[in-house]
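Okay, thanks for coming, everyone.

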Amino acid sequence: MGRVMAKSEIGLIGLGTMGAALSLNIADHGFAISVFNRTTTTTHEFHAEAGTLADKITPTETPEDFVASLASPRAIILMVPAGEIVDKQIAALRPLLDPDDLIIDAGNANFRDTQRRAETADKAGEVFLGIGVSGGEEGARFGPSIMGGGPKAAWERVAHILTAIAADYEGTACATWMGQGGAGHFVKTVHNGIEYADMQMIAEAYGILRDGMGQSASDIAKAFKTWNNGPLQSYLIEISGEVAAATDPKSGAAMLDVILDRAGQKGTGRWTAVEAQHLAAPIPVIEAAVAARNISTAKPSREEGEAIFGAAPQPLDGALTLDDLEGALIAGKIMCYAQGFHLLNNASAEFGWELPMPEVARVWRAGCIIRSSMLNDMATALTETPDTNLMFAPFFADKMRDTHGALRKVVARASEHGLTVPALSAALSYFDMMRTARGTANMIQGQRDFFGAHGFERVDGGSDHHGPWGS
Ligand SMILES: NC(=O)c1ccc[n+]([C@@H]2O[C@H](COP(=O)([O-])OP(=O)(O)OC[C@H]3O[C@@H](n4cnc5c(N)ncnc54)[C@H](OP(=O)(O)O)[C@@H]3O)[C@@H](O)[C@H]2O)c1
């Protein structure tokens, strides 16, 4: 670059949507940052458009210049697409670095990749962090929620930068070290699974309003706005209201009425469901949400089904009220988070992470997509009753007593009227199963013993009994 410049405190590779926003955020908080991007023109455009922050940013054209521009021990954030590209980027960087230089993968990595990279780094005496960053472009620019994983000492080297740029919830930074290896990316994955479920339950309420109650998009917007002033207050309820209120500049119709009913995904919800299966953690609300996205993409099949069986949704004729829907969403949300935290608990035990559950709830209170007022109460409940399923914590048990009737009514009426509520139904079944001391798995044990001599426990004591059906 020719110029002699002071060394930067941190570097970032990958000036895409997230990397550019994160770099500006870092510079905005007074930290000198060097940036590198595969496509050099992007680097220069980014620097030219950085305005008053340009002084804090050192654009570099080669990996060598980039590395040389950083103060030692170096800290380098990668913001490139997850997967093989991260491995390639690490492999290209390492020969240019000293062993105590820190590489931080801030993309949406599969936590198993992060575990592997952490292990490889550890064996080689190198330092690596995997951090989950939530909040999209806006969050990255003005305050994301950050979930860190890797050696604690490495986290502490950059914690002052990460906490400075993170979202702020009433004076507390939404950036926390979650544990070793892939802990941060695992927490981010579960965050995304919960995000899928929150979004699905909101979409189910929207469907009831639209098809069951015959409401227009602008009426629906009003319902969401009302709910956003109550216990459901959250970013997702708020933006759902804004989506419902928006008008298509092209046709003049409600935006919701011109958006095709086919939802995309990048796979983090699926990862949550897959890991839950590995860990034997029941997360049926999140699984239902992932399945619903998959079904949404099968539009031609759904059209074929409607042609064969007729359209499912029927008007509710006053069978449900807005209050019923609000109650159902509250209950569904509690069930979904109870399951998410259960999954985190299982993962924590399996991988030896000791995940700080109240801290997980705290970092999600601001900056991320699932931010909501209820998370503050969850942090309190997880502190006061750490070993209890969230739904049994006194505060949430009271909330469930108040709302499970509405959840049942919504699921029942919706089912009778052909309105699809897979995630809310899963929430209701989970609630009922979790308060049924005498379940039905005795039949399953009987079947297993019948066909496979698997044995069973008896209610009057003892294990490995067999039934009279075997020879
Ligand atoms: N977008 C979001 O809302 C969001 C939210 C949370 C997390 N994330 C995660 O953040 C990461 C970055 O996402 P993004 O949305 O910022 O992506 P993006 O806009 O597509 O940018 C990708 C960046 O990676 C670089 N890149 C792509 N392929 C490369 C390769 N083979 N070698 C080196 N550099 C390469 C690109 O450089 P060029 O300019 O040369 O193409 C670009 O700078 C991903 O892991 C994503 O899942 C995204």
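Predicted model: local features only at pLDDT ≥ 70, side-chain atom pairs only at ≥ 80, totals over all residues.

Numbering runs from 1 along each chain as its sequence is written.

So, the protein chain has 20 helices and 10 strands; those are DSSP runs, H or I of at least four residues for helices and E of at least two for strands, numbered from the N terminus. Of its 471 residues, 47% count as buried, meaning 20 or more other C-beta atoms within 10 Å of a residue's own, with 12 or fewer called exposed and anything in between partly exposed, and C-beta atoms placed from the backbone. The C-alpha trace spans about 80 × 65 × 45 Å along its principal axes.

Now the domains. An automatic or database assignment sets the bounds: domain 1 is 10-181 and domain 2 is 191-433. Their C-alpha centres lie 32 Å apart. Domain 1 puts 24 residues into the contact and domain 2 puts in 17, a contact being two C-beta atoms, placed from the backbone, within 7 Å. On the domain 1 side, β10 gives the most, with 4 residues.

Last stop, Pro386. Where does Pro386 sit? In the loop between α17 (374-384) and α18 (394-416). Pro386 counts as exposed because it has 12 C-beta neighbours inside 10 Å. Met357 is 29 residues away from Pro386 in sequence, yet the C-alpha atoms are 7.8 Å apart.
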